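Please read this briefing alongside the sequence and the structure. It takes up the overall fold first, then individual residues, then the packing of helices.

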Amino acid sequence: MSKSRLEAFTDAVIAIVMTILVLELHEPTAGSFAALFEEWHRLVIYVVSFLMLAIYWNNHHHMFQAAKAINGKVLWANNLFILSLSVFPFVTSWMGDYFSDLAPQLSFGIAIMMADVMFFAVAFNLKKATDDNETVSIFFNKYYKSWISIGVNVVALLLGMLIRPELIFILNALMLALWVVPERRIERVFQQHR
């Protein structure tokens, strides 16, 4: 089965989700910088959500660049992964309207956790489909980013429910630093094969 169709489909869905994300931004109520500043939290939420989607896309690209083959389990795991990404515009917009409320923050945190879990599921199934491929195996051999992310997701949800809802967004935004740099071991393996 060709992986190029799956990659093209995923690229298209993520591009559409990113486009819808910006459409959920509302213009300021007046033509002044003061009115723009009143919307600062929406802009920050938008940038964080956009960066999260970009990081998922970058890592998905790296993972599939390393893959030699896919199967039906990879297809379904990938479909569930893009399903989890497709709710980002909704939860981002809702949180922008009610930033300090628990329900929108929980929804945002759960969407991120589901995307992290499904990304891990795609990687797991991809490794099984291409078990001889050392590059895909890097996502599991001493590769703790996915586990750390899911752990921080759980902690953020708990702290958001117990202390302040905004902690869900803050902790998940801080996780961007972990994922911004792609896995260097994968880059080294690609350079060796060239």
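A residue counts as buried when its relative accessible area is under 20%, as exposed when it is over 50%, and as partly exposed in between, with a 1.4 Å probe and protein chains only. The model is a predicted one, in which local features need pLDDT of at least 70 and side-chain atom pairs count only at pLDDT 80 or more, while totals for chains, interfaces and linings use all residues. Residues are numbered from 1 along each chain as its sequence is written, and side-chain values use heavy atoms, with hydrogens and water left out.

**Overall fold**

- The protein chain holds 11 helices and zero strands, where helices (H or I, at least four residues) and strands (E, at least two) are DSSP runs numbered from the N terminus.
- Along the sequence, the pattern of the protein chain accordingly reads α-α-α-α-α-α-α-α-α-α-α.
- Of the 194 residues in the protein chain, 47% are buried.
- Contact means heavy atoms within 4.5 Å, and among contacts in the protein chain between residues at least 6 apart in sequence, 79% join residues at least 24 apart.

**Individual residues**

- Glu38 lies in helix 2 (residues 33-38), and it counts as exposed because its relative accessibility is 53%.
- Between the C-alpha atoms of Glu38 and Pro28 the distance is 7.7 Å, with the two residues 10 apart in sequence.
- Asn153 belongs to helix 8 (residues 145-162), and its relative accessibility of 1% is why it counts as buried.
- Once its neighbours within four places in sequence are left aside, Asn153 is in contact with Ile112, Met113, Asp116 and Asn172.
- Trp179 is found in helix 10 (residues 176-180) and, at 10% relative accessibility, is counted as buried.
- Although Trp179 and Ser149 are 30 residues apart in sequence, their C-alpha atoms are 9.1 Å apart in space.

- Helix 5 is largely enclosed by the rest of the structure, because seven of its 10 residues are buried.
- Those buried residues of helix 5 are Phe88, Pro89, Val91, Thr92, Ser93, Met95 and Gly96.
- The packing partners of the buried residues of helix 5 are helix 1 (3-23), helix 3, helix 4 (72-86), helix 6 (102-129) and helix 9 (166-174).

**Helix 3 with helix 5**

- Helix 3 (residues 40-66) packs with helix 5 (residues 88-97) at an angle of about 160°, their axes being 9 Å apart; axes are lines fitted to C-alpha atoms, for helices over the stretch in contact, and angles run from 0 to 180 degrees between N-to-C directions.
- Helix 3 and helix 5 are therefore roughly antiparallel, on a scale where angles under 35 degrees count as roughly parallel, over 145 as roughly antiparallel, 65 to 115 as roughly perpendicular and the rest as oblique.
- The crossing of helix 3 with helix 5 is right-handed, a crossing being left-handed if the near helix is turned anticlockwise from the far one by less than a right angle, and right-handed if clockwise.
- From helix 3, His41, Arg42, Ile45, Tyr46, Ser49, Met52, Leu53 and Tyr56 meet Phe88, Thr92, Ser93, Met95, Gly96 and Asp97 of helix 5.
- The residues of this contact between helix 3 and helix 5 comprise seven nonpolar, five polar and two charged, where Ala, Val, Leu, Ile, Met, Phe, Trp, Tyr, Cys and Pro count as nonpolar, Asp, Glu, Lys and Arg as charged, and the others, Gly among them, as polar.

**Helix 3 with helix 4**

- The axes of helix 3 and helix 4 cross at roughly 165° and come within 12 Å, and the two helices are therefore roughly antiparallel.
- Helix 3 and helix 4 cross in a left-handed sense.
- Leu53, Tyr56, His60 and Phe64 of helix 3 make the contact with Val74, Asn78, Phe81 and Leu85 of helix 4.
- In the contact of helix 3 with helix 4, six residues are nonpolar, two are polar and none is charged.

**Helix 6 with helix 8**

- The axes of helix 6 and helix 8 cross at roughly 165° and come within 10 Å, so that these helices are roughly antiparallel.
- Helix 6 passes helix 8 with left-handed geometry.
- The contact of helix 6 with helix 8 divides into 13 nonpolar, five polar and one charged residue.
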